[in-house]
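Here is a short tour for a reader new to this structure. Please keep the sequence and the 3D view open while reading.

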Amino acid sequence: MKFATFNINGIKARTPALVEWLTSAQPDVAVLQEIKSIDDAFPRQIFEDMGYNVHTHGQKSFNGVAILSKLPLEDVTRGLPGDDSDEQARWIEATVVGEKQALRICGLYLPNGNPAPGPKYDYKLAWMERLYDRAQALMADEMPALMAGDYNIIPQAEDAAKPESWTEDALFRPESREAYRKILNLGFTEAFRAQHAAPGHYSFWDYQAGAWQRNNGIRIDHILLTPAAADLAGDCWIEKDTRAGEKPSDHVPVCIELDI
């Protein structure tokens, strides 16, 4: 089965591009970020007519995550545990049951954190502490699980075309990368890097300054697999050409095959 993560940067602006990609790529499950829509305004009928079950965790004008699945989703939960006062819509998870195996799918939109230092950066690091706690719980569970989405983390220098430009950015600051490595060190496999060690692979290009045309990108969209999920993993790849489409998102999908 084909799973994907895709920050669409606004469902209102990107519905045609998303429909085109879904039609051509045919993922079985897609986790979406930055839908920028309340749940009632999400155009679910369009995607249901394409054969997808649709579950959203929306927020007006900002953030928002969703799962589209050709298979039924069970035990859908919304919101990252650990802070009942957090109103930002950044986390959704559900279980999909394949022919061979059930899989827990967690879709996330990790805070950007800029400007750093500052309150937004403090929120990012606190959110990552909560993510670490949830990741620990997923590792303790016997069910295969993945955490996929826009992490707003540049893990290593080779994940940026110009790493020197990101030194003080919240996406690349040492504290951010350390928090990310802390999660990986629980035993997760970062699916793309497990198969592709070379530099020059990116999932985001800014709309400004011809970043796409000059391939001045960064890799911030990741799929993390528990050991049980990593055992099911096939190929993992970035669908870079999506960025060249009509009215594209500034992100592109990252996909993986899982034998469930």
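## Terms and model

Two strands pair if DSSP finds at least two bridges between them. Note that the model is predicted.

## The sheet from E3 to E11

Begin with an open sheet of 6 strands. Its order is E3-E4-E2-E1-E12-E11, and its pairing is mixed. Strand E3 (53–57) and strand E11 (233–238) stand at the edges. Each has a single partner strand, so one side of each is left without a neighbour in the sheet. On average, neighbouring strands of this sheet are turned by 15 degrees against each other, direction ignored.

Several pairings can be followed residue by residue. Strand E2 (residues 29–33) pairs with strand E4 (residues 65–69). The two are antiparallel, with 5 bridges. Here Val-31 has Ile-67 in E4 as its bridge partner. E1 and E12 also pair in the antiparallel sense, over 4 bridges. Thr-5 has Val-254 in E12 as its bridge partner.

Helix H1 (residues 11–25) lies across strand E1 (2–7), E2, E4 and strand E12 (254–258). Helix H1 runs at about 160 degrees to E1. How much of E12 is buried? The strand is mostly covered, with 4 of its 5 residues buried.

## The sheet from E5 to E9

Another open sheet of 6 strands has the order E5-E6-E7-E8-E10-E9. Its pairing is mixed. The edge strands are strand E5 (73–78) and strand E9 (189–190), and each pairs on one side only.

E5 and E6 run antiparallel, joined by 4 bridges. Glu-74 has Thr-95 in E6 as its bridge partner. Next, strand E6 (residues 91–97) pairs with strand E7 (residues 102–109). This pairing is antiparallel and spans 7 bridges. A hairpin of 4 residues connects E6 to E7. Ala-94 has Ile-105 in E7 as its bridge partner, and Ile-92 stands opposite Gly-107 in E7. E6 is largely enclosed by the rest of the structure, because 6 of its 7 residues are buried.

## Helices H3 and H4

Helix H3 (residues 119–140) lies across E6, E7 and strand E8 (145–150). Its direction is at about 175 degrees to E7. Helix H4 (residues 174–184) packs on the sheet too, touching E8, E9 and strand E10 (221–225). The direction of H4 makes about 30 degrees with that of E10.

How do the two helices lie against each other? The axes of H3 and H4 come within 9 Å and cross at roughly 5 degrees. That makes H3 roughly parallel to H4, because angles under 35 degrees count as roughly parallel. On the H3 side, the contact includes Tyr-121, Leu-125, Met-128 and Tyr-132. On the H4 side, Ala-179, Tyr-180 and Ile-183 are among the residues that meet H3. By class, this contact has 9 nonpolar, 1 polar and 4 charged residues.

## A loop residue: Gln-156

Gln-156 sits in the loop between E8 and H4. Is Gln-156 buried or partly exposed? At 34% relative accessibility, Gln-156 counts as partly exposed. Leaving out residues up to four places away in sequence, Gln-156 touches Phe-172 and Arg-193. Gln-156 and Ile-220 are 64 residues apart in sequence. In space, these two are 10 Å apart, C-alpha to C-alpha.

## Cysteines

A disulfide is a covalent bond between the sulfur atoms of two cysteines. How many disulfides does the model hold? The count comes to 0 disulfides, under a rule that asks for cysteine sulfur atoms within 2.5 Å.

Two cysteines show why. For Cys-106, the closest cysteine sulfur is in Cys-236, 16 Å away, so it is too far for a bond. For Cys-255, the closest cysteine sulfur is also in Cys-236. That distance is 7.9 Å, again too far for a bond. Cys-106 has 0% relative accessibility, so it counts as buried. Cys-255 likewise counts as buried, at 0% relative accessibility.

Note on methods:
Residues numbered from 1 in each chain as written. Predicted model: local features only at pLDDT ≥ 70, side-chain atom pairs only at ≥ 80, totals over all residues. Heavy atoms only, no water. Contact = heavy atoms within 4.5 Å. Axes fitted to C-alpha atoms, helices over the stretch in contact; angles between N-to-C directions. Parallel < 35°, antiparallel > 145°, perpendicular 65-115°, else oblique. Nonpolar A, V, L, I, M, F, W, Y, C, P; charged D, E, K, R; others polar. Buried < 20%, exposed > 50% of the residue type's maximum accessible area, 1.4 Å probe, protein only.
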